[in-house]
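Visitor: Hi, I'm new to this one. Could you put it up and walk me through it?

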Amino acid sequence: MSRAETVKPDDALEGLDVYRVGGAVRDARLGWPVTDEDWVVVGATPEALTARGFVPVGRDFPVFLHPVTHEEYALARTERKQGHGYTGFVVHASPEVTLEEDLARRDLTINAMAEDRDGRLVDPFDGRQDLDARVLRHVSEAFVEDPLRVLRTARFWARYRELGFVIADDTKRLMRGLCDNGEIAHLVAERVWQETVKALGEPHPMAYFQALHECGALAVWMPELDASDMLARGEAAMARLPAGGEPSQWRWARLLEALEDEAREALCERLRVPNAWRDLARQVARTRALQRQHGDGGLEGSDVMAWFDAIDAWRRSERVAPLQRYLAMETPALAACVDEAWQAASAIQPQALLEEGYRGKALGDALAQRRQARIDDVVGQCNV
């Protein structure tokens with residue numbers, strides 16, 4: 001039996017000055033679900049923690065996993081800005097760093113609260129007051145040392161907007177300053193995308209994009225979306241998602257559906273968007289184009305066939321049903337017609353043509369022609 005298996009959770013903490021910090025303290029007081037708990041240890045050394053069975057996992061600063069609960073415990077630390085971006089910091093962790101000094105390096109007052117092991121609140125920057133007032137406010141002017149805080153503040157607004165939260169005017173000023181002085185451009189694309197994905201999963205994702213628009217960050221990282229009419233259309237689109245699938249991916253696709261192909265691809269490339277997200281955005285854009293053709297009153301069987309080809313339906317048949325549900329939200333008659341056309345065309349399989357003697361290019365041509373004929377028949381009879 002290993003030492004970790006014989007240690008009780010409280011045994012490993014005996015004699016340590018430990019505080020619960022950050023999001024768990026904040027969300028517990030908001031009545032919001034607490035998903036992760038983070039802890040700070042004051043007055044200790046890495047050697048003292050490893051001697052108790054804690055496992056070091058921090059790459060840039062001393063963070064350890066509890067030997068039993070596997071929760072994260074970080075040594076109290078300070079940070080000093082050196083260079084650009086969110087990685088340009090020198091970290092200092094030692095037994096002399098106080099809890100207040102550790103909390104002072106955090107971004108927002110509501111994230112700079114702590115609790116001791118008896119649940120008593122430690123709140124040197126009035127985070128509880130800002131929680132009650134529903135205000136997202138920076139801890140200090142050191143906010144401007146980390147441009148990532150612009151995105152984090154916008155993301156917290158996307159999470160808590162429904163509770164009545166606003167971003168403090170002075171904090172907006174600092175966010176704007178980080179964009180005006182070019183510091184926001186020093187973030188790496190992968191980190192911007194990571195925050196964006198998190199925001200897309202929040203209750204009000206458009207608040208994230210709105211906040212970035214107002215401070216100037218959207219113009220730097222997502223200029224294709226940096227227009228009030230784009231944001232208004234995006235908000236309306238995000239409010240309606242088809243059932244099933246990953247909501248965040250659909251929100252991203254719907255946000256981009258009004259963009260031209262070149263603009264959409266440029267945006268996805270700049271942010272290093274994963275292929276699955278890019279593919280869904282392309283499929284939704286193609287489906288949106290089919291809706292426009294239907295709205296113009298000139299829908300033909302060739303348009304439906306071209307849509308099946310564009311979404312790679314013949315090889316990726318699982319794509320059809322979710323996009324049909326997307327169509328059904330606004331154009332149910334078109335969705336029904338497309339569904340009928342799909343059932344008719346997909347019933348024609350290559351095996352039957354192989355048995356008729358078709359091979360190679362002739363097989364592909366015959367398959368496409370017969371599918372097209374079935375689609376033409378269906379669309380000709382549809383009331384669309």
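**A first look around**

Guide: Let's start with arginine 77, which sits in strand β6 (residues 77-81). Helices (H or I, at least four residues) and strands (E, at least two) are DSSP runs, numbered from the N terminus. This is a predicted model, where local features need pLDDT of at least 70, side-chain atom pairs count only at pLDDT 80 or more, and totals for chains, interfaces and linings use all residues. Residues are numbered from 1 along each chain as its sequence is written, and side-chain values use heavy atoms, with hydrogens and water left out.

Visitor: Is arginine 77 buried or exposed?

Guide: Arginine 77 is buried, with a relative accessible area of 7%. Buried means under 20% relative accessible area, exposed means over 50%, and partly exposed is in between, using a 1.4 Å probe and protein chains only.

Visitor: And what does arginine 77 touch?

Guide: Not counting residues up to four places away in sequence, arginine 77 is in contact (heavy atoms within 4.5 Å) with Phe61, Val91, His92, Ala93, Val97, Glu101, Asp102 and Arg105.

Visitor: Let's zoom out. How many helices and strands are there?

Guide: The protein has 20 helices and eleven strands. Its radius of gyration is 27 Å, well over the 21 Å that the globule rule gives for 384 residues, so the protein is more spread out than a compact globule. That radius is taken over C-alpha atoms, and the rule is 2.2 Å times the number of residues to the power 0.38.

Visitor: What box do the C-alpha atoms fill?

Guide: Taken along the principal axes, that box is roughly 80 × 55 × 40 Å. Of the 384 residues in the protein, 46% are buried.

Visitor: Which helix is mostly covered?

Guide: Helix α10 (residues 205-215) is, with eight of its eleven residues buried. Those are Pro205, Met206, Ala207, Tyr208, Phe209, Ala211, Leu212 and Cys215. Glycine 216 follows α10 and has a positive phi, near 105°.

Visitor: Which residues other than glycine have a positive phi?

Guide: Histidine 70 is one of them, with phi near 65°. Aspartate 312 has a positive phi too, near 60°. For background, most residues other than glycine have a negative phi.

Visitor: Where are those two?

Guide: Histidine 70 is in the loop between β4 (63-65) and β5 (72-75), and it counts as exposed at 54% relative accessibility. Aspartate 312 lies in the loop between α16 (301-310) and α17 (320-330).

Visitor: New topic: how do α13 and α15 cross?

Guide: The axes of helix α13 (residues 247-256) and helix α15 (residues 275-295) come within 8 Å and cross at roughly 50°. That makes α13 oblique to α15. Axes are lines fitted to C-alpha atoms, for helices over the stretch in contact, and angles run from 0 to 180 degrees between N-to-C directions. Angles under 35 degrees count as roughly parallel, over 145 as roughly antiparallel, 65 to 115 as roughly perpendicular and the rest as oblique.

Visitor: Which residues meet there?

Guide: From α13, Ser248, Gln249, Trp250, Trp252, Ala253 and Leu256 meet Ala276, Trp277, Leu280, Ala281 and Val284 in α15. By class, the residues of this contact are nine nonpolar, two polar and no charged. Here Ala, Val, Leu, Ile, Met, Phe, Trp, Tyr, Cys and Pro count as nonpolar, Asp, Glu, Lys and Arg as charged, and the others, Gly among them, as polar.

Visitor: What about α12 and α13?

Guide: The axes of helix α12 (residues 228-238) and α13 come within 8 Å and cross at roughly 140°, so α12 and α13 are oblique to each other. Met230, Gly234, Ala237 and Met238 in α12 meet Arg251, Arg254 and Leu255 in α13. That contact has four nonpolar, one polar and two charged residues.

Visitor: One last stop: where is valine 25?

Guide: Valine 25 lies in helix α3 (residues 23-30), and it is buried, with a relative accessible area of 0%. Valine 25 and alanine 114 are 89 residues apart in sequence and 6.4 Å apart in space, C-alpha to C-alpha. Not counting residues up to four places away in sequence, valine 25 touches Arg20, Met113, Ala114, Glu115 and Leu121.
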